[in-house]
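Dear colleague,

Please find below the sequence and structure for your review. My notes on the contacts follow directly after it.

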Amino acid sequence: MADKLENKKNFMLLTGNEAIARAAYEAGVSVATAYPGTPSTEILENISKYKSIYCQWSVNEKVALEVASGASIAGSRTLVAMKHVGLNVAADPFMTLSYTGVTGGLVIINADDPFMHSSQNEQDNRFYAKFAKVPLLEPSDSQEALDMVKDAFDISERFDTPVLVRTTTRISHSRSLVNINPVTEVTPVKYVKNAQKFVMIPAYGRQRHHFVLERWEKLQKLSELDIYHRVHEPEGSRKNKTLFKHTGIITSGVSFQYAREVFDNIAILKLNMTNPVCKGAIASFTEGKKLIIVIEELEPFLEEHIRLLNLKADIAGKEFFPAYGELGTRALEEAYSRLFGREVYTSNAERGKAGQRLHSSDTGSAADLKTGNFSDDGINDKSCEISSIINELPPRPPVLCAGCPHRSVFYILKKLKAVVMGDIGCYTLSVLPPLNSLDSCLCMGAGIGQALGMEKANPEFKNRVVSVIGDSTFFHSGITATIDNAYNNGTNLIIVLDNATTAMTGHQDHPGTGKTLGGDSTICLKPEDFAEAAGIKNIQVVDPYKLRKLEAVIKQELARDEMSFIVCRRICVLIEKEKELPVAYIDQHNCRECGQCLKFGCPAIELKDGKYSINSILCTGCGVCVDICKFKAIGTVK
Amino acid sequence: MIKNDNNNNNYKINYQSIAGSSSSSLKNGETLSVLFTGVGGQGIILATTVLANAAINAGYDVKVSEVHGMAQRGGSVEGSVRIGKKVFSPTINSADFIVALEKLEALRYARKLKEGGFMLVSDYSIYPSTVFSGDVSYPENAEEMLFKFTENFFFINAVEKAKNLGNTRVSNTIMVGALSLMMPFGQDCWLDAIKDSVPGKALQINIEAFKSGRDFLK
């Protein structure tokens, strides 16, 4: 801390994402690309503040990686950022990029989302690094995020490989102190044509596969270097020193922080590079130890590697730590109790000033590793009462905003009993009550293809099945599926919810907004033009605030025996609240208390003490609810 | 058990007796964990940033955890700050202090309070949509229910105070001001932190809000 105080000016409180952007700047990156996706989005948003770096939103992660690959071939240091499922989209170029390697350093920031704070799955992308035989670095705080990303560019250029840096949500979105350095001057490498390296025809591909295997040997040696792993000696003052002397922990990423706090009496081997795994360093760390605890979120990635080493020590891994969600000090305390005794464990650090607690000594008996022997102390009356209070609290899920232009579309689709194949975006929230609209949500762009599959599998779905997709998602991966529907004589209905932004991730531009990430004006594409080019004849553009018109159009297009395409166009209410729009109110005189307006699911429409009313602070004046009340009890006031 | 009166006088008296008791500096290995809860849009990220910067100004290590993405669309949100000579985990599983900007969220997170911890609650309700359409109702007796978790909580009419200052949105800074009485660093650290965290045009009202929160005992 002392050095931090002396140089306070050079320290900043940064999120992992901000630190990665800073690293790109300090490493002399000149091109950066991404498609927005939580928890990775703010990396490019922050890079765009450094004017020395060209940066762009690409239409999807595959293109983002391809643009990055081109920039690398041209000789520039290049960074590309995406969320975990984005790497699925980019997997095709990624796997072969491992063969071609790079010219200018190429670093892929991959942000995993354990617990699915804002994702459809929690896949563990460390396996991608193993799959492609590329090096993988895992920072455990913002400082390491900065240092490792800078180092990743050196590794990339020295070993002719793309490098993966994997963060998780708690690294991307937690702030810690970071030491700021000046920018490194990097001279771009001159372009020299090299077909045998960059043209992956089978004959050259075979040569490059040999290169990949040789590179793997070198990377294994690299992983043994001191900077890629570190032993943290125990600092705690727990009893039973002999027991703990023969115990060791192997961990990486944010799990290290939890481990260092809870298991402060046990030596920790922290891996900074988790692919390749440093076999030699692990062997010497585990020498003479009887128990090795492997602490990692999600899959037993390190554990599988370690078990293959045939160590003499017992290994405690996924039978003590969940293979789902996030870890945290609580999960580690539970594992601690199961391993070493039943006491309710509080670590030194968690024992704050306010909450001093008695801390009983260790029982000292290691639990049975085979069975994970553990019994709960039982739940007392007070905790029962507290649980029942918490269970009865009304949940507060995220909702479509008051005035959201998507809401009316789902209200009508529900009314028409349509089968709705959804997609990824704010509008996925329409699955929740009271709209209960979606039948499916799989991945970016999936709904359009799924709708075709439904109707081909069972003709009963004709005139019933609809796919809904946002504008940004349509450009990301809806266009090819639209062509597939048109080509294969589909007869279903595609609805594009066009709110002129990538809303869910915080309003990023895309090809339909007329602006680039750098703020330059550019072309403004319209989804309906793509439908027309695909030969779809029935194309309609409607304002989703006009409820009756919208219902008539959806009814008409759903009834058709050929492909239809509707664009519901209205800018996101968070970007552009139309001023002076008259807010709605409920005339208590006319209200029959039928409750129909509540089924619209607008947060501004309230039911308090048996009276229906509209919260004038929340109401944006979209006026849709006026048409929902058939008793004409809803009006608007200037 | 204290029951409050209409002007929060009982809370003030009780808070007075506790404020300052935690103000000695943190020793090696000691950590303070502060959890902020509320509804997306209430300004939790600003509150965590001000606290974190104040702690840095006082020479401490900090880690802040935030929520982005889907969780922000009007849902229940939390943010946390951990302070110490050296902080490891960015997340907390129990808090020394909980600052709730809304009463229902106070209840939802109350079990995260450490034994002996303290809770500051903005006396303000935001109804979630689920109470309008379902079988669940808003807990109107939040004060009584909180007693099931702890006796160490204090209600502050932060939104009313913010309204008097001219902008209800600074209720978050008022709550930070009240919290500041409990934190082991002085007013200068806080004022510098507000200057570093708030854009220029909102600075004055946020400083007033902070002072109003800090003076809530008076």
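Lys270(A) and Glu144(A) form a salt bridge with an N to O distance of 2.8 Å; the term denotes a side-chain nitrogen of Lys or Arg within 4 Å of a carboxyl oxygen of Asp or Glu. This pair connects distant parts of the chain, since Lys270(A) belongs to strand β11 (residues 267-271) of chain A and Glu144(A) to helix α8 (residues 142-159) of chain A, 126 residues apart. Helices (H or I, at least four residues) and strands (E, at least two) are DSSP runs numbered from the N terminus. Over all chains, the rule gives 34 salt bridges.

Please note that this is a predicted model, in which local features need pLDDT of at least 70 and side-chain atom pairs count only at pLDDT 80 or more, whereas totals for chains, interfaces and linings use all residues. Residues are numbered from 1 along each chain as its sequence is written, chains are lettered from A and ligands numbered from 1 in the order in which they are written, and side-chain values use heavy atoms, with hydrogens and water left out.

Turning to the interface, 61 residues of chain B are in contact (heavy atoms within 4.5 Å) with 58 residues of chain A. The buried area between the two chains is about 5500 Å², with 58% of it from carbon and sulfur atoms; this is the accessible area (1.4 Å probe) lost when the two parts are put together, summed over both. Five salt bridges cross the interface of chain B and chain A. One of these joins Glu261(A) to Arg82(B), whose closest N and O atoms are 2.8 Å apart.

On the side of chain B that touches chain A, β2(B) contributes the most, with five residues. By class, that side comprises 22 nonpolar, 24 polar and 15 charged residues. Nonpolar here covers Ala, Val, Leu, Ile, Met, Phe, Trp, Tyr, Cys and Pro, charged covers Asp, Glu, Lys and Arg, and the others, Gly among them, are polar.

β2(B) also runs antiparallel to strand β8 (residues 174-179) of chain A, to which three bridges join it; strands pair if DSSP finds at least two bridges between them. Ser174(A) has Ser65(B) as its bridge partner in β2(B).

Finally, there are 19 aromatic pairs over all chains, meaning rings of Phe, Tyr and Trp (its six-membered ring) with centres within 6.5 Å, where planes under 30 degrees apart are stacked, over 60 edge-to-face and the rest tilted. Among them, Tyr25(A) and Tyr50(A) are stacked, at 4.4 Å centre to centre and 10° between the planes.

Kind regards
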